[in-house]
Amino acid sequence: MTAVLARPAPARPALRRDRRRWAWGLAALAAVGWALAAALAGDVVNPAGGAQFGRFAAAALSPDLDGALLGVLGTAALVTVAYAVLGTALALLLGALGAVAVARTTWGRRRLGWAAARGALAVPRGLHEAVWGLLLVNVLGLDPWVGVLAIGLPYGAVTAKVFADLLDEVPRGPYEALLAQGAGRVAAALYGLLPPAAGGLLSYAFYRLECAVRSAVVLGLIGAGGLGYQLALSFSSLRWPQVWTCVYALALLCLAADVAGRAVRRRVAAPRRRAGVLARDRVLTAAVLGSLAAVAWSWWFLALSPASLVSARTREQAGYVLGAAWPPAGDGDLLREVGRLAVVTVQMSVLAVAVALAGAVLLAGVAARPPGAGPGRALAGALVRAALLLLRAVPPPVWALVFLFVLLPGVLPGALALGVYTLGVLGRLAAEAVEEADDRPRAALTALGARPAGRWLYGVLPQATGPVLAFALYRWEVAVRDTLLVGLLGAGGLGALLASRLAVFDWPAVTTVLLATIALTLAVDLVSDRARRALR
């Protein structure tokens, strides 16, 4: 008789506490406490502005629907769309060229050249579009190229980085085959890497268009025209019904961009097939052709002239600004002020992301679209999603002006303005993370009789925590750049110092502030990247 020995069950790996995550978590709590203490230090409330804030809030229910105003806003919306389309087109062109130049595949083992190329992108993407707009106005005047370049240059640097990462992730077989046939690295990348990555590139291109619409609105606040300019005019004259009309027009424009961009990304993520073979998607084809037509129309509508970029006046003014801005100012008083306000900028961004993250966690479950939801649940979700859309449709400077009614200038109004705006973005991303979570744990808990709160805490929240925290860290990088924007309107930080130096044309000091901003942005990017790695 043969004895059968039972095979011992494999030992389960012991769960280990990741000390890096605990360290990052404690550091984040300490940073939030530090920022909150700074924001609440001293007097922060402005009692005299309460009545004005009440009139502003009450006007939300009675927007101005005068026909003349609606006609002006319709024309302004076309200007905003034209800036967004042409800015995105320029960004995609620069991104496609830059991606080949900064991809790891192009450089091979030459890490020094790759690092130098990546480092060159840090300068244009380290400055907010509004800062680019203010600088370009001093060179080009009120030419429409200001809005196009202010969007295209920083977006082009960001797009080049993203496109390069997409190119590095595609299969390298066709690329290596072209190299073996004697093709150069650039040609091999163009014909061996771009076609397989086309779907991801197209999806990201339409996402950039959504972002460009919001950036075009921000540029309007500093005089570039469009809906942002009309909003600034109504706000400065305290015509609150007109302000809310502009806000609702912005929300509709952002909604159209979000819906169109999401539809394109979904088609790219799930390509159509016929008999198991990929088929041409007519919707995507129409979207691409429509985008090309929109570029041609925008060029005509804004009456762009390439000659204005190379005119004698432009060359003279550019030479003057560059000559006056270098070398940067290095006196001790300015450097101490830059250091102090850099700390304020970090505090403002940390508190803004903390506010947005807390709100996103509270609203994500309601904003998500669960399958089989009843009419009451669907209505609540639609209302929350509409509120999030309204929050991100209004630019951060406008929120800063609203909070400055009832708060004194400092960390708190800037942080709340950025936090409310970031909540609109992060709340949407968190809701999408909840929608994409595996439904099996929640279904198992339902079968065991768990209550809705228990199903959310133990079946959904653990899956969504990682993606939501990663999104929050990414938004922290964006918030640091946006602090410059709210600071330009008096909310504090490096933006306030930049505005005061620009007002007196102190170009060496402007250069110093911009260099400090770029260095701060790079430092935050590095810390955020390390934190995201610890979450993986």
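The largest cavity has a volume of about 40 Å³. A cavity here is a set of points, on a 1 Å grid over the protein atoms alone, where a 1.4 Å probe fits but cannot get out. Points are joined across faces, edges and corners, and the volume is the space filled by probe spheres set on them. The count comes to one cavity of 30 Å³ or more.

This is a predicted model: local features need pLDDT of at least 70, side-chain atom pairs count only at pLDDT 80 or more, and totals for chains, interfaces and linings use all residues. Residues are numbered from 1 along each chain as its sequence is written, and side-chain values use heavy atoms, with hydrogens and water left out.

Select the lining (residues with an atom within 4 Å of a point): Phe56, Trp244, Val247, Val394, Val398, Trp399 and Val402. Helix 12 (240-269) and helix 17 (396-403) each give two or more of these residues. Helices are DSSP runs (H or I, at least four residues), numbered from the N terminus. Helix 17 supplies the largest share, three residues.

Next, show helix 1 (residues 19-40) and helix 15 (residues 332-367). Their axes, lines fitted to C-alpha atoms over the stretch in contact, come within 9 Å and cross at roughly 110 degrees, on a scale from 0 to 180 degrees between N-to-C directions. The two helices are therefore roughly perpendicular (65 to 115 degrees).

Now select the contact (heavy atoms within 4.5 Å). From helix 1, take Ala31, Val32, Trp34, Ala35, Leu36, Ala38 and Ala39. They meet Val343, Val346, Gln347, Val350, Leu351 and Ala354 in helix 15.

Notes: On a 1 Å grid over the protein atoms alone, a cavity is a set of points where a 1.4 Å probe fits but cannot get out, and a pocket is an open set with protein on both sides within 12 Å along at least five of seven lines; lining residues have an atom within 4 Å of a point. Angles under 35 degrees count as roughly parallel, over 145 as roughly antiparallel, 65 to 115 as roughly perpendicular and the rest as oblique.
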